Amino acid sequence: MKFEQKVGNAGYFQLFKKKGEVLESITPEFKNLITDGYLNWLNQQSSVSVGDIAGNNPNARCQVGTSSKTPTAGDTGLGSPLSFNSARSNITNTTSYDENADLITCTTVTTFTFSQGAVVGNVAEIGVMYGATSNSTDLKSRTLVKDVNGNPTTISLTEDDQLIVKYRDWE
């Protein structure tokens with residue numbers, strides 16, 4: 001049996017708003033852009049294993065902002081940060097193997113829960129940070145918030161709202 005290693009990386013966001021006990025999905029799942037900085041960092045790691053990259057979680061923190069500037073692969077941070085870094089509140093890994101295709105797939109779902117009132121205003125952009133520090137330039141992925149048609153939009157949050165972000169990462 002011949003094995004060929006193929007590595008891919010993509011991510012998908014979905015945003016939720018919680019007000020009191022009511023949890024509401026406020027966006028469909030939408031795709032992000034993986035940055036050159038993250039790919040360079042990933043390339044420098046001495047050990048890569050499924051679901052864990054050299055002991056560092058590549059989905060360490062989440063940040064939201066107000067910029068409507070189109071993301072580029074060279075971005076190192078959000079265009080206009082609104083709320084910096086909600087640490088992840090939950091992470092799950094799923095690994096599957098398709099023996100007919102000799103394909104192993106690892107999917108990581110990370111949940112970021114911002115405190116109530118931590119994000120107030122119109123959110124237009126979102127990103128996930130990698131690495132073990134709180135460096136604001138360690139941007140793994142960035143995207144504009146998208147509506148059901150895939151068009152850029154904003155979501156409005158008040159001091160009564162709690163933002164919850166689900167990030168599904170396929171590696």
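## Exercises on a predicted model

Phe-13, Phe-30 and Tyr-167 come together as one aromatic cluster. The model you are looking at is predicted. Let's work through it with a few exercises.

### Exercise 1: The aromatic rings

Find out how many aromatic pairs there are, and work out whether the rings of Phe-13 and Tyr-167 are stacked, edge-to-face or tilted.

*Solution.* 
- Begin with the count: there are two aromatic pairs.
- Next, look at Phe-13 and Tyr-167, whose ring centres are 4.7 Å apart, with planes at 50°.
- Stacked planes are under 30 degrees apart and edge-to-face planes over 60, so the pair of Phe-13 and Tyr-167, at 50°, is tilted.
- Now place both residues: Phe-13 belongs to strand S1 (residues 10-19) and Tyr-167 to strand S14 (residues 162-170), so their pairing ties together parts 154 residues apart in sequence.

### Exercise 2: Buried or exposed?

Decide whether Phe-13, Tyr-167 and Gln-14 are buried or exposed.

*Solution.* 
- The cut-off for buried is under 20% relative accessible area.
- Phe-13 has 0% relative accessibility, so Phe-13 is buried.
- Tyr-167 has a relative accessible area of 0%, and therefore is buried too.
- Gln-14 comes to 15%, so Gln-14 also counts as buried.

### Exercise 3: The surroundings of Gln-14

Locate Gln-14 and find a side chain that makes a polar contact with the side chain of Gln-14.

*Solution.* 
- Gln-14 sits in strand S1.
- The side chain of Gln-14 is joined to that of Ser-25 by a polar contact of 3.1 Å.
- Leaving aside neighbours within four places in sequence, Gln-14 is in contact with several residues, among them Thr-27, Pro-28, Ile-164 and Val-165.

### Exercise 4: The whole chain

Describe the secondary structure of the protein chain and give the share of its residues that count as buried.

*Solution.* 
- Of its 171 residues, 42% count as buried.
- Among contacts between residues at least 6 apart in sequence, 69% join residues at least 24 apart.

Key. Residues are numbered from 1 along each chain as its sequence is written. This is a predicted model: local features need pLDDT of at least 70, side-chain atom pairs count only at pLDDT 80 or more; totals for chains, interfaces and linings use all residues. Side-chain values use heavy atoms; hydrogens and water are left out. Rings of Phe, Tyr and Trp (its six-membered ring) pair if their centres lie within 6.5 Å; planes under 30 degrees apart count as stacked, over 60 as edge-to-face and the rest as tilted. Helices (H or I, at least four residues) and strands (E, at least two) are DSSP runs, numbered from the N terminus. Buried means under 20% relative accessible area, exposed over 50%, partly exposed in between (1.4 Å probe, protein chains only). A polar contact is a pair of N or O atoms within 3.5 Å; within protein, one must be able to donate a hydrogen and the other to accept it, and residues adjacent in sequence count only if both atoms are side-chain atoms. Contact means heavy atoms within 4.5 Å.
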